[in-house]
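Here's a quick briefing for anyone opening this structure for the first time. Have a look at the sequence and the model, then read on.

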Amino acid sequence: MMNNIPERRTERRFKIAHREAWIGVILALVNILWWYGFAYTMGSKVPEEYTYVFGFPAWFFWSCIVGFIVMVILVFIVVKFVLVDMSLEDEDDMGNGGHSS
Amino acid sequence: MNWDVLLPLILFLVVIFLIGVWSNRRMAKSTSFLSDYFLGGRELGGLVLAMTMVATYGSASSFLGGPGAAYTIGLGWVLLAMTQVATGYFVLLILGKKFAIVARRYKAITLIDFLRERYKSTIVVLVSALSIIVFLFAAMAAQWIGGAYLIQSLTGLTYETALFVFAIAVLIYVIIGGFRAVAFTDTLQGFVMFGGTLILLIGVVIAGGGLDQIFNDLMVENPNLITPYGNEGQLTSLYVSSFWILVGVGVVGLPQVAVRAMSYRDSKSMHRALMIGTVVVGFIMLNMHLIGVFARPVLPGIEVADQVIPLIALEVLPGWLAGLVLAAPLAAMMSTVDSLLLLVSSSIVKDVYINYMKPKATYSHVKKVSMGVTAFLGIIVFLLAINPPELLIYLNLFAFGGLEAAFIWPIVLGLYWKYSNKYGAIASMITGLVSYIIIFRFNSEYGDLFGVHAVVVPVILSLLAFIIASLLIKREVYYFPTKTI
């Protein structure tokens with residue numbers, strides 16, 4: 001049991017956590033813009049003039065189907081390249097998988 | 001009775017029961033009953049974490065009500081439902097590692113533990129516990145009623161018998177298994193929902209004669225069905241967008257979802273859960289709402305929206321496969337019910353009873369009380385659901401929005417804003433709850449205020465109340481403890 005955890009290390013983990021929370025906000029904003037942008041531009045035409053992609057109305061295909069796939073890809077990129085592995089415990093110095101980069 | 005359909009359902013219930021028993025064995029070895037029963041000992045891996053969040057969130061209302069609404073309203077409702085993709089990544093990223101670290105330092109097992117330590121205020125604890133107990137109890141009861149109706153429509157049993165079957169199935173494994181059983185069952189149920197909606201979607205598309213034919217039929221019936229604006233043009237872009245708050249990002253404020261964000265083992269589990277959760281929640285939401293829209297040309301004239309999924313499954317799939325697929329809504333209901341049941345009982349046992357009435361309770365006493373309260377709650381819900389009082393239905397209608405308006409800022413700002421204090425939290429919760437109830441009532445009488453869902457304005461008002469009260473009354477910078485307290 002170590003009680004004198006270095007202040008710096010604690011703060012470093014919080015700093016990373018704060019950055020990752022902002023990434024969540026940015027992802028949601030991208031999600032909303034993509035979803036809204038395709039749905040209410042292509043979708044606001046009269047239905048008789050709709051074009052179709054793979055059988056779906058184009059607005060729906062781009063907004064909901066491709067939009068979903070884009071979010072999945074972005075989340076994978078964020079997880080693989082941006083998020084940092086860290087220990088969530090305080091007791092031991094390293095914890096499991098707590099390597100820093 | 002239709003045994004083709006029933007056998008897979010029964011098999012499913014048996015498997016769930018076995019998970020409860022296995023979980024109970026695991027728990028017998030554990031040293032901390034409370035943390036284990038209500039939080040699974042903070043050891044959920046990525047897959048289980050993702051699935052339990054998806055399953056808790058994807059309740060019966062989204063599983064039966066959602067496709068039913070899509071059946072009536074058309075693609076516009078699918079667009080609205082897709083706002084829920086955000087729940088897959090947003091909650092875990094926002095609460096994130098900071099919530100996990102702080103919850104460990106606080107030794108928090110429930111969401112209220114976190115709020116209690118952060119704000120050190122009895123009022124915050126009591127208002128939170130009361131909102132959780134009242135709102136989630138109502139939400140849970142509504143799910144039981146839905147579950148009983150589903151079993152009734154599949155088996156031809158009477159409503160009371162169906163309710164009894166449902167209640168027994170839920171109670172047995174929640175009581176003996178606790179959070180771990182719930183989380184693992186959620187995982188199984190997540191797979192059932194994932195596979196079930198996919199099979200049913202394929203079945204419906206084939207029965208409808210392919211996508212081109214289906215959209216052609218919809219176009220002929222009513223062109224509005226394939227626009228983003230709803231069958232009568234009733235969905236404005238502003239109204240649909242406001243669902244980003246109710247079912248997208250606002251979900252951070254739901255206690256049953258937030259508590260899962262402190263249950264994972266390590267950061268690797270969280271990372272995996274982000275990926276799996278986003279894929280699974282988006283896939284399920286897209287599929288099941290599309291099923292609702294596509295069911296329209298295949299099976300026109302369904303009057304009761306909640307029956308769309310059961311009827312279409314029986315129509316387009318062979319009996320045994322329909323049974324397997326219909327295990328999905330049953331799964332959704334059970335997993336929502338079980339996590340709510342556990343959360344309500346944890347609020348009573350941990351947040352009220354142990355905090356204020358019996359702080360020195362022994363291990364075996366706590367264990368008895370926890371299981372007893374869970375069982376007792378289940379029996380009360382059962383009795384209420386036999387002949388549901390109107391107040392219950394009403395409370396359920398605004399349960400989610402009310403909880404979000406109450407909890408979102410005390411959780412999020414409590415984590416990230418250094419000036420957050422108990423005055424802000426109290427002001428925010430009360431403003432959120434009261435304004436939500438007023439606006440909800442106003443909207444159902446006079447139409448939507450500002451053209452947005454009732455949750456939007458209270459979320460903004462409670463934010464303002466939080467910031468103003470925190471800055472005006474005893475402003476002070478808060479430092480998190482640097483080690484476990």
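How many salt bridges are there between chain A and chain B? The count is three, where a salt bridge means a side-chain nitrogen of Lys or Arg within 4 Å of a carboxyl oxygen of Asp or Glu. Keep in mind that this is a predicted model, in which local features need pLDDT of at least 70, side-chain atom pairs count only at pLDDT 80 or more, and totals for chains, interfaces and linings use all residues. Residues are numbered from 1 along each chain as its sequence is written, chains are lettered from A and ligands numbered from 1 in the order in which they are written, and side-chain values use heavy atoms, with hydrogens and water left out.

**Chain A on its own**

- Chain A has two helices and two strands, and along the sequence they follow the pattern α-β-β-α. Helices (H or I, at least four residues) and strands (E, at least two) are DSSP runs, numbered from the N terminus.
- Of its 101 residues, 47% count as buried. Buried means under 20% relative accessible area, exposed means over 50%, and partly exposed is in between, with a 1.4 Å probe and protein chains only.
- Chain A exposes about 5600 Å², and carbon and sulfur atoms supply 68% of that. Accessible areas come from the Shrake-Rupley method with a 1.4 Å probe; for residues, only the protein chains shown count as cover.
- Take the contacts in chain A with a separation of 6 or more: residues 24 or more positions apart account for 59% of them. Contact here means heavy atoms within 4.5 Å.
- A:Ser87 sits in the segment after α2 of chain A. A:Ser87 counts as buried because its relative accessible area is 2%, and its side chain reaches the backbone nitrogen of A:Glu89 at 3.1 Å.

**Where the two chains meet**

- Each side puts in its share: the contact takes 53 residues from chain A and 53 residues from chain B.
- About 4700 Å² is buried between chain A and chain B, with 72% of it coming from carbon and sulfur atoms. Buried area is the accessible area (1.4 Å probe) that two parts lose on being put together, summed over both.
- In chain A, the residues that lose the most area to chain B are A:Trp35, A:Phe68 and A:Leu88, together 15% of what that side buries.
- Eleven residue pairs are in polar contact across this interface, both residues at pLDDT 80 or more. A polar contact is a pair of N or O atoms within 3.5 Å; within protein, one must be able to donate a hydrogen and the other to accept it, and residues adjacent in sequence count only if both atoms are side-chain atoms.
- On the side of chain A that touches chain B, α1 (7-42), β2 (56-57) and α2 (58-82) each supply at least two residues. α1(A) gives the most, with 18 residues.

**Salt bridges**

- Over all chains, the structure holds six salt bridges.
- One of them joins A:Asp85 and B:Lys268 (3.4 Å, N to O). This pair crosses between chains, from the segment after α2 of chain A to helix α14 (residues 267-298) of chain B.
- A:Asp85 counts as buried because its relative accessibility is 14%, while B:Lys268 is partly exposed at 46%.
- B:Lys97 and A:Glu20 also meet through their side chains in a salt bridge (2.7 Å, N to O).
- Within chain B, B:Arg296 pairs with B:Glu221, their closest N and O atoms being 2.9 Å apart.
- B:Arg296 is buried, at 18% relative accessible area, and B:Glu221 is partly exposed, at 47%.
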